[in-house]
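Here's a quick briefing to read with the model open beside you. Take a look at the fold first, then work through the topics below.

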Amino acid sequence: TYGHGVERFTLDPSIGEFIMTAENMTLPAEEKLIYSINEGNYLTWDPCMQAAVDDFKQKKPKPYSARYVGSMVADVHRTLMYGGIYMYPADVAKGNGKLRILYEGFPMSMIMEQAGGSASTGMFKGKITRLLDLVPSGIHDKCPVLI
């Protein structure tokens, strides 16, 4: 994205070039119920995050499906293609979260917002903040990410 919609490019190995395979991408009108989070950290999340994930699992009439590759780009790509939510919350061990604001949070948030989605920190430092509104003080600053 250049700030005016999202385009998808796919490598064509026969010519060694990336070709545009979709333009003006948006989140699907009928999203799949998919959540993506590293549940191995469940016990270190705050109670609200634990409750949210528990609700995804017990949603009626159909619970969300859990899908987690462990690569932010792959997980966000799936979220862009099919809908759902990607989360890497803050936890007791990491405090500010694991993902770097400048080169992980901002790029994925920009793409998702351009496709009609949203991205926030979730409850972090006493408030919920749009991720793109953060002002990092250092190049490696980290934050929680919910997209």
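Let's start with Asn 24, which sits in the loop between strand 2 and strand 3; helices (H or I, at least four residues) and strands (E, at least two) are DSSP runs, numbered from the N terminus. You're looking at a predicted model, where local features need pLDDT of at least 70, side-chain atom pairs count only at pLDDT 80 or more, and totals for chains, interfaces and linings use all residues. Residues are numbered from 1 along each chain as its sequence is written, and side-chain values use heavy atoms, with hydrogens and water left out.

- Asn 24 has a phi near 50°, a positive value in a residue other than glycine.
- Asn 24 counts as exposed because its relative accessibility is 56% (buried means under 20% relative accessible area, exposed over 50%, partly exposed in between, with a 1.4 Å probe and protein chains only).
- Glu 30 is found in the loop between strand 2 (17-22) and strand 3 (34-36), and its 73% relative accessibility makes Glu 30 exposed too.
- Glu 30 and Gly 83 are 53 residues apart along the chain, yet their C-alpha atoms are separated by 7.9 Å.
- Lys 125 is not a glycine either, but has a positive phi of about 55°.
- You'll find Lys 125 in the loop between strand 7 (120-124) and strand 8 (127-130), where it is exposed, with a relative accessible area of 67%.
- Look for the cis peptide bond that joins Lys 60 and Pro 61, with omega at about 5°; Pro 61 lies in the loop between helix 1 and strand 4 (65-66).

**The hairpin and its nonpolar patch**

- How do strand 1 and strand 2 pair? They run in the antiparallel sense, over five bridges (two strands pair if DSSP finds at least two bridges between them).
- The two form a hairpin with four residues between them, and Gly 16 in the turn has a positive phi of about 70°.
- Across the pairing, Phe 9 stands opposite Met 20 in strand 2, while Asp 12 stands opposite Glu 17 in strand 2.
- Phe 9, Leu 11, Phe 18 and Met 20 form a nonpolar patch on the surface, and together they have about 420 Å² of accessible area.
- Patches are made of residues with over 30% relative accessible area and no salt bridge; like charges are joined within 9 Å, nonpolar side chains (Val, Leu, Ile, Met, Phe, Trp, Tyr) within 5 Å.
- Accessible areas come from the Shrake-Rupley method with a 1.4 Å probe, and for residues only the protein chains shown count as cover.
- Strand 1 (8-12) and strand 2 each supply at least two residues of this patch.
- Leu 11 lies in strand 1 and is partly exposed, with a relative accessible area of 45%.
- In a regular strand the side chains alternate between the two faces of the sheet.

**Salt bridges**

- Side chains of opposite charge can pair when their charged atoms come close.
- How many salt bridges does a search of the whole structure find? There are five, a salt bridge being a side-chain nitrogen of Lys or Arg within 4 Å of a carboxyl oxygen of Asp or Glu.
- One of them joins Glu 39 and Lys 57, whose closest N and O atoms are 2.8 Å apart.
- That pair links distant parts of the chain, 18 residues apart: Glu 39 is in the loop between strand 3 and helix 1, and Lys 57 is in helix 1.
- Arg 130 and Glu 113 meet through their side chains in another salt bridge (2.7 Å, N to O).
- This pair also links distant parts of the chain, with Arg 130 in strand 8 and Glu 113 in helix 3 (residues 101-114), 17 residues apart.
- Asp 133 and Arg 130 form a salt bridge as well (2.8 Å, N to O).
- Glu 113, Arg 130 and Asp 133 are therefore tied into a network of salt bridges.
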